[in-house]
Amino acid sequence: MRTDTPPAVRLSDYRPYPYRVDSVRLEFDLQPDATRVLAKLKLSRIASEATPLRLDGEQLELVSLKLNGEALDESAYAVDAESLTIHQPGEAFELAIETLISPETNTALSGLYMSGGRFCTQCEAEGFRRITYFPDRPDVLAPYTVRIEAPKQFPFLLSNGNPLAAGKLEANRHFAEWDDPHPKPSYLFALVAGDFDVLEDAFTTRSGRPAKLAIYVEKGDAPRAAYAMDALKRSMRWDEDVFGREYDLDIFQIVAVRDFNFGAMENKGLNIFNSAYVLADGETATDADFEAIESIVAHEYFHNWTGNRITCRDWFQLCLKEGLTVYRDQEFSQDMRSRGVRRIKDVIRLRARQFAEDGGPLAHAVRPDAYARIDNLYTATVYEKGSEIIRMLRQLIGEQAFWSGMDKYFEKHDGDAATIEDFIACFQPFTDEDLAAFSHWYAQAGTPSVEAETSFDSATGAATLSLKQATRPTPGQPDKRALPIPLRVALFDDNGAKLTTAHNQQHADEHTIVLHAPEAEFVFENVGSPPLISLNRGFSAPIRLSDGLDEQSRCRLAGADDDAFASWNGLQQVARNIMIDAARSGEDVDPQRAATWATAVRQAVEGAVAQDTELAALLLHIPTVSDLTQEITPADPDLIHRQRLDLRRTLAKELEALLTEHASHPSEGPDAMSADAVGRRAMKSMALSLLSTLGAAHEQLILGAFNEARTMTESLAGLSALSGIDSPAFDDALARFEAKWKSMPLIMDKWYSVQASSPRADIRKRLETLRGRSDFDLKNPNRVRALAAAFGMNNTVAFNAPDGWGYDFLASIIREVDGLNPALSARLATAFESWRGLTADRQEKAQATLEALAGSGLSQNAADIVGRALAQD
């Protein structure tokens, strides 16, 4: 069904389902073109009065319907495009519903579909209703048993829970039965059938329970799943050690598929993954890929408790399972790697994705009060900002209260469909903080801005920190309230020494202060001299901060600060201010300010490189064009790009000798996976990128690094660096890369992305050429994202070309994809979220493109995004 105005779903309209599903038995007769599904449901009415039974269902052919063993007359029920309603089902009854579906024509990849000749499912958020008629909502929990029958060409028949039975049938067919004793909502159902290679292992929980582990992959790919298996075992042990959570089934399985709309899905006991987040070795995957696999494997496993054992009452509570689980996977990754480096990377991602979302027409609360399409609520706000709220809660109430509250949450709500209120209530008994006030973080959209000013009283030796907070209006929320903002603070003297100070009669070298009101003052005693204040250390709150320091003081503090994030962020802020001032004036960056900043960066890098080379590489990162367009109105991406390039050239010249040394470091090979080796590759990659800004002077060095690369990290770093140099070397390197990797789709996705993200003058022609290739498949989300999302999200300059061709290019792909996969087309449309902050000529072109899209008969998913992007609030 298509409509220009998707109907709103409102939190205030929530009502419990009037029936309880006591048990579910599903029987599948698998055929690619016509799969028969028999659903046997036992239900009981829990509503006080008789009410019709409404079951969700889409794109189903109803074959038969029985109530308590008797076929129902057509007058006893009604079927429409979205539901099956039984008028008088009774108080306790059994239903048998037989439906027919076509997995091979399901290009939306929601429900049961085919990927690479294999059956697989994706039921979150509302895909189960494409399999059978059912109350497809997260607060209806039931135990499931499943029987799968299929031809033997599909040797592995998998579902949730523990295996019950398996055997042969007639006509070259076989079956398998599975039992999941843990009640779950329908969105956690999973089924996979096909032929795979399997990597097997085992894990014993701390209480002595054995669990089999298995990862199913394409034929020949089992060795490349070894890192994912290692990450899984480390995740299982970490969850026991840190959160006290054990695994609860006899087997845990992961299946990697090529066609998948998301990163992975936490189905109980049978996780289904995008193969990009399972398969890796040093030759075919980047260090960033390894990090992503570690994080996503952990995330999906951690959902076993925060999402599965305790699920969400309704989809408005999505942040309860996702924000909490992102927090858990971030903490896991920080424990596995450098905490400072991981925190900086998390903040870079948050600022790039979530701050942009919070600042545009698609802004919404972490728990909104309404939505049009639930698929469009899987956002950086729900995930990343939701995680930051958990982190703030821990900072606000302290370690003992946080862990006591977590334990209470698991104990009290195991087996429940819970709400944010349920979660927060578990912490209130252990703290004097007003958590009702803190909960407004879930309800209020927008990124708070905090301004700081410091004064010093030489007579008393006290420093006073004055803070003000404000949040800009967002769609549907013109008026904002002050939020409790916990900030980690440390004071340094003019020589860079960290001070032990007194605040609220507590003596420490670091304090946590909480800004509750629009304005407040905080006094620190025993200071001695005018201090440099390190504020929001560790990014303790997701805010925009103006710290009140001049650039010289900020650079000096960055060199002394013992908090990795604060040191990095101080230098980032100097670079940001230099570029913002230049963009607002329309002039070149100030060469003196740029030189002073570059010297400070060099000193910081030289100090860090021997201790943490990956941190040293991050110190060379500067805000992107996309980041800067959020803070400049109206924004001219071309101008910002030129100014940013000038600043990067200044940095490259300042560090040219050091960068050349690291860029020349020999490739250590795919087996070098230690933290030191990863750091050296990060530094080499950044060195190649910066040296490319100096043009032909270092072309041969960069080309040599590409030619000699023995890891995918170095190969892509060389390729990306060459894309920034105006010479034929880039296309020559692309041809050689393609010749080597053309049979491996995941690697060719990277080949597409490098080109789509490049700011080269021929980008328009290049995109059309890529789009016309025979291996560009609109039905494969990974390949579409590699071209269209990489262009719309990463290539800010070309996408926002003044004549509007970039908008038209992406819009044409959105229209093509929309008829096949509405969830994917809607996600592509979010690239338009910042159009109102651009120059007038760009706004005019973007608006015309969006209006044309809105009038082109889009799916509800895409129409929701486009409509919100156009809305005036």
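Guide: What follows is a look at helices, starting with α11. This is a predicted model, in which local features need pLDDT of at least 70 and side-chain atom pairs count only at pLDDT 80 or more, while totals for chains, interfaces and linings use all residues. Residues are numbered from 1 along each chain as its sequence is written, and side-chain values use heavy atoms, with hydrogens and water left out.

Helices here are DSSP runs of H or I with at least four residues, numbered from the N terminus. Helix α11 covers residues 564-585, which is 22 residues. From its first C-alpha to its last, α11 reaches 32 Å, close to the expected 32 Å; the expected span is 1.5 Å times one less than the number of residues. At the start of α11, a side-chain oxygen of Asp 563 comes to within 3.3 Å of the backbone nitrogen of Phe 565. After α11 comes Gly 586, with a positive phi near 75°. Of the 22 residues in α11, 17 are buried, so the helix is mostly covered, where buried means under 20% relative accessible area with a 1.4 Å probe, protein chains only.

Helix α15 (residues 637-654) has 18 residues and reaches 25 Å, close to the 26 Å expected. Its buried residues include Leu 639, Ile 640 and Arg 644. At its start, a side-chain oxygen of Asp 636 lies within 3.1 Å of the backbone nitrogen of Asp 638.

Arg 681 sits in helix α17 (residues 675-692). Arg 681 counts as buried because its relative accessibility is 4%.

Definitions and conventions. Helices (H or I, at least four residues) and strands (E, at least two) are DSSP runs, numbered from the N terminus. Buried means under 20% relative accessible area, exposed over 50%, partly exposed in between (1.4 Å probe, protein chains only). A polar contact is a pair of N or O atoms within 3.5 Å; within protein, one must be able to donate a hydrogen and the other to accept it, and residues adjacent in sequence count only if both atoms are side-chain atoms.
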